Amino acid sequence: MFLSFDVKNPGKRDGEEVVQLYVKHFNSKIQRPMKELKSFQRLFLKAGESKKVSMVIKAKDLEYWNANKQQFELEKDAFEIKIGQASDKTLLAKEIIIQ
């Protein structure tokens, strides 16, 4: 899955931002963290500058280790992708269903 969005530095000073992508599983068969960090990207932005950011999340990034089968497995599940500055500062969210 390819994700693209804009990030803007609205301030009056140049600075860095770390954009983080988290995944939350809704009905997983196994216990998972509330949010799993799957990708991040560090950006340098001049004051007032905007940049387009692209991130990719692959099906393999959503798999879990099935100990009974001794292999990674992709569950049929609903999950949410969240993007933000930190796990408690997410600004974008999208629900996805794997059938």
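Modeller: Lys52 belongs to strand β4, residues 50-56; strands (E, at least two residues) are DSSP runs numbered from the N terminus, as are helices (H or I, at least four residues). The model is a predicted one, in which local features need pLDDT of at least 70 and side-chain atom pairs count only at pLDDT 80 or more, while totals for chains, interfaces and linings use all residues. Residues are numbered from 1 along each chain as its sequence is written, and side-chain values use heavy atoms, with hydrogens and water left out.

Biologist: Why is Lys52 called exposed?

Modeller: Exposed means over 50% relative accessible area, buried under 20%, and partly exposed in between, with a 1.4 Å probe and protein chains only. Lys52 has 58% relative accessibility and therefore counts as exposed.

Biologist: What makes Ser4 partly exposed?

Modeller: Ser4, in strand β1, has a relative accessibility of 38%, so it counts as partly exposed. Not counting residues up to four places away in sequence, Ser4 touches Lys52, Val53 and Ser54. From Ser4 to Met55 the separation is 51 residues in sequence and 6.5 Å in space, C-alpha to C-alpha.

Biologist: Is Leu21 buried or exposed, and how do you know?

Modeller: The relative accessible area of Leu21 is 0%, and therefore Leu21 is buried. Leu21 sits in strand β2, residues 15-25. Its contacts, leaving aside neighbours within four places in sequence, include Leu3, Leu37, Met55, Ile57, Ile81 and Ile83. The C-alpha atoms of Leu21 and Lys69 are 48 residues apart along the chain and separated by 29 Å.

Biologist: Why is Glu80 called buried?

Modeller: With a relative accessible area of 17%, Glu80 is buried. Glu80 lies in strand β7. Apart from neighbours within four places in sequence, Glu80 is in contact with Tyr22, Val23, Lys24, Phe26, Ala93, Lys94 and Glu95.

Biologist: Where is Gln70, and what is its phi?

Modeller: Gln70 is in the loop between β5 (64-66) and β6 (71-73). Its phi is positive, about 55°, although Gln70 is not a glycine. The relative accessible area of Gln70 is 54%, and so Gln70 is exposed.

Biologist: How many helices and strands does the chain have?

Modeller: The chain has zero helices and eight strands, and its pattern along the sequence is β-β-β-β-β-β-β-β.

Biologist: Why is the chain called more spread out than a compact globule?

Modeller: The radius of gyration is taken over C-alpha atoms, and the globule rule is 2.2 Å times the number of residues to the power 0.38. For 99 residues the rule gives 13 Å, whereas the chain has 16 Å, well over that value, so the chain is more spread out than a compact globule. Along the principal axes, the C-alpha atoms fill a box of roughly 55 × 20 × 20 Å. Of the 99 residues, 31% count as buried. Among contacts between residues at least 6 apart in sequence, 60% join residues at least 24 apart.

Biologist: What lines the largest pocket?

Modeller: On a 1 Å grid over the protein atoms alone, a pocket is an open set of points with protein on both sides within 12 Å along at least five of seven lines, a cavity is a set where a 1.4 Å probe fits but cannot get out, and lining residues have an atom within 4 Å of a point. The lining of the largest pocket includes Phe5, Asp6, Val7 and Lys8, as well as Ile83, Leu91 and Leu92. The elements giving two or more residues to this lining are β1 (2-8), β2, β7 (78-86) and β8 (89-97). The largest share, four residues, comes from β1.

Biologist: Which residues line the largest cavity?

Modeller: The lining of the largest cavity consists of His25, Arg32, Leu62, Leu74, Glu75, Asp77, Phe79 and Ile98.

Conventions. Contact = heavy atoms within 4.5 Å.
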